[in-house]
Amino acid sequence: MRILTYITTEEDAGRAVRSVVPRRFRLGTHAFRRLKVEGGILCDGMPVRADTRLRAGQVLEIRLDNGETPGAALTPDDALPPSFIRYADEDILIVSKGAPLATLPCGHIHTGTLREQLAALLGQDAASFDYHPVNRLDKGTSGLMIVAKDAHIQHRLQALLHTPEFIRTYQAVVEGCPDDDCGVIDAPIGKEDAASIRRIVTASGKPSVTHYRVLKRGKTRTLVELVLETGRTHQIRVHMASIGCPVVGDFLYGTEIPQLPGRFALHASALTLHHPMTGDWLSLTSPLPASL
C-alpha cells in the first residue's frame, strides 16, 4: 500500500473533502469514489466523510492499494498493437499514445506507463529501456508523441519545439462555442498556488499563446483545431476554459463525464518535424479516437 499526504492551506479552509482531495491529489471521479468506499481517505489519521469541512493545517492522506491510480484501468484506446508506432529510425520513435496513459511515472502513478508499454512492445526490459520523451502529453490526452532514443537527440528536438521546424496540431471538443471562427488566446499562465497542480491565467504568469480555429459547431459543443505558440503546462486546457469553452471531460478545468473515463476530449492530431539528424521533413496525422 502507498500513502500520499497533503497539508491543507488557508485556501482549503472551509472546503469539503470532496472538493479538495480530487484537486490536490489529481484524482478523477471514479478514483475518488473508490477511495471513499474503501475508507482510503483520512484526515489527521482518521477516516473522513466526503462532506467534512476542512481547516488549514490538517493532514490529508489517501491510501492506494497498488502503485497505480485507483480505478485507472486502460481503455480499448490504450491497446498497443504494432501500428501504435507510427515512425521509427535509429534516432526517434513517433507513437500514437492512448488515454488515459501516463507518459512517465509521476505523483501516485508508478506502473502501467507509456515507457513500460512501449518497452514491452519492443521486447525490451523497461528498467533499462532508453526512453526520452520529447513532447509529453498529459495522461488524459491522446495522439502523436515523439520519443528520442538518447538524451542528445532529445535535447536537439526540444530545442525545435514551438518553431517552424516542429509544429504540433491538436483537436479538441470543447463545451460551448467560441465567438469567432478563429482567434488567438494571448494570456499568461501560472500556477494557482505553490501546492496545486492547477494552472490559471494570471498577470504574473509566463507568456502563453494558443491559436484556435473552429472546425465544426454543434448545438452545445464545438470541434476546434489548436496550434501552440508556447508550451506551458495544461496550456490548451487553461486557455479554452478561460474563454468559457473548457475541454469536454476535463475534471480539472471543466466537468468530468462518464463517457470519457480517465481522459478528456483533447487529441494531438498532426505533427510536422524537420528531423535534426537526417534533415528529412516528417509529417504525420492521427484521426480522433472513436471515443471522441
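This is a predicted model: local features need pLDDT of at least 70, side-chain atom pairs count only at pLDDT 80 or more; totals for chains, interfaces and linings use all residues.

User: Okay, rings and charges then. What lies over the face of phenylalanine 166?

Analyst: That would be arginine 168, at 5.9 Å from the ring centre. Arginine 168 belongs to strand E9, which covers residues 166-175.

User: What does aspartate 138 meet in a salt bridge?

Analyst: Arginine 237, with an N to O distance of 3.0 Å. That pair links distant parts of the chain, 99 residues apart: aspartate 138 is in the loop between strand E7 (132-133) and strand E8 (142-148), while arginine 237 is in helix H5.

User: Are those two buried or partly exposed?

Analyst: One of each. Aspartate 138 is partly exposed, at 22% relative accessible area, whereas arginine 237 is buried, at 1%.

User: How many residues of helix H5 are buried?

Analyst: 6 of its 8 residues, so the helix, spanning 235-242, is mostly covered. The buried ones are Gln235, Ile236, Arg237, Val238, His239 and Met240. Just after H5, glycine 244 has a positive phi of about 80°.

User: Nice. Back to charges: how many salt bridges does the count come to?

Analyst: The count is 14 salt bridges. One of them joins aspartate 12 and arginine 24, at 2.9 Å from N to O. Aspartate 12 sits in the loop between strand E1 (2-7) and H1, and arginine 24 in helix H1, so the pair ties together parts 12 residues apart in sequence.

User: How accessible are aspartate 12 and arginine 24?

Analyst: Both count as buried. Aspartate 12 has 0% relative accessibility, and arginine 24 has 8%.

User: What about helix H1, which of its residues are buried?

Analyst: Val17, Val20, Val21, Pro22, Arg23 and Arg24. Helix H1 runs over residues 17-24 and is mostly covered, with 6 of its 8 residues buried.

User: Which residues are linked with aspartate 12 in a network of salt bridges?

Analyst: Glu11, Arg15, Arg23, Arg24, Glu192, Asp193 and Arg198 are linked with Asp12 in that network. Within it, glutamate 192 forms a salt bridge with arginine 198, their closest N and O atoms being 3.2 Å apart. Glutamate 192 is partly exposed at 23% relative accessibility, while arginine 198 is buried at 17%.

User: Switching topic: how many disulfides does the count come to?

Analyst: The disulfide count is 0. The sulfur of cysteine 177 has its closest cysteine sulfur in cysteine 245, and 7.0 Å is too far for a bond.

User: Why is 7.0 Å too far?

Analyst: Because a disulfide needs the two sulfur atoms within 2.5 Å, and these are 7.0 Å apart.

Notes:
Residues are numbered from 1 along each chain as its sequence is written. Side-chain values use heavy atoms; hydrogens and water are left out. A charge sits over a ring if NZ of Lys or CZ of Arg is within 6 Å of the ring centre and within 35 degrees of the ring normal. Buried means under 20% relative accessible area, exposed over 50%, partly exposed in between (1.4 Å probe, protein chains only). Helices (H or I, at least four residues) and strands (E, at least two) are DSSP runs, numbered from the N terminus. A salt bridge is a side-chain nitrogen of Lys or Arg within 4 Å of a carboxyl oxygen of Asp or Glu.
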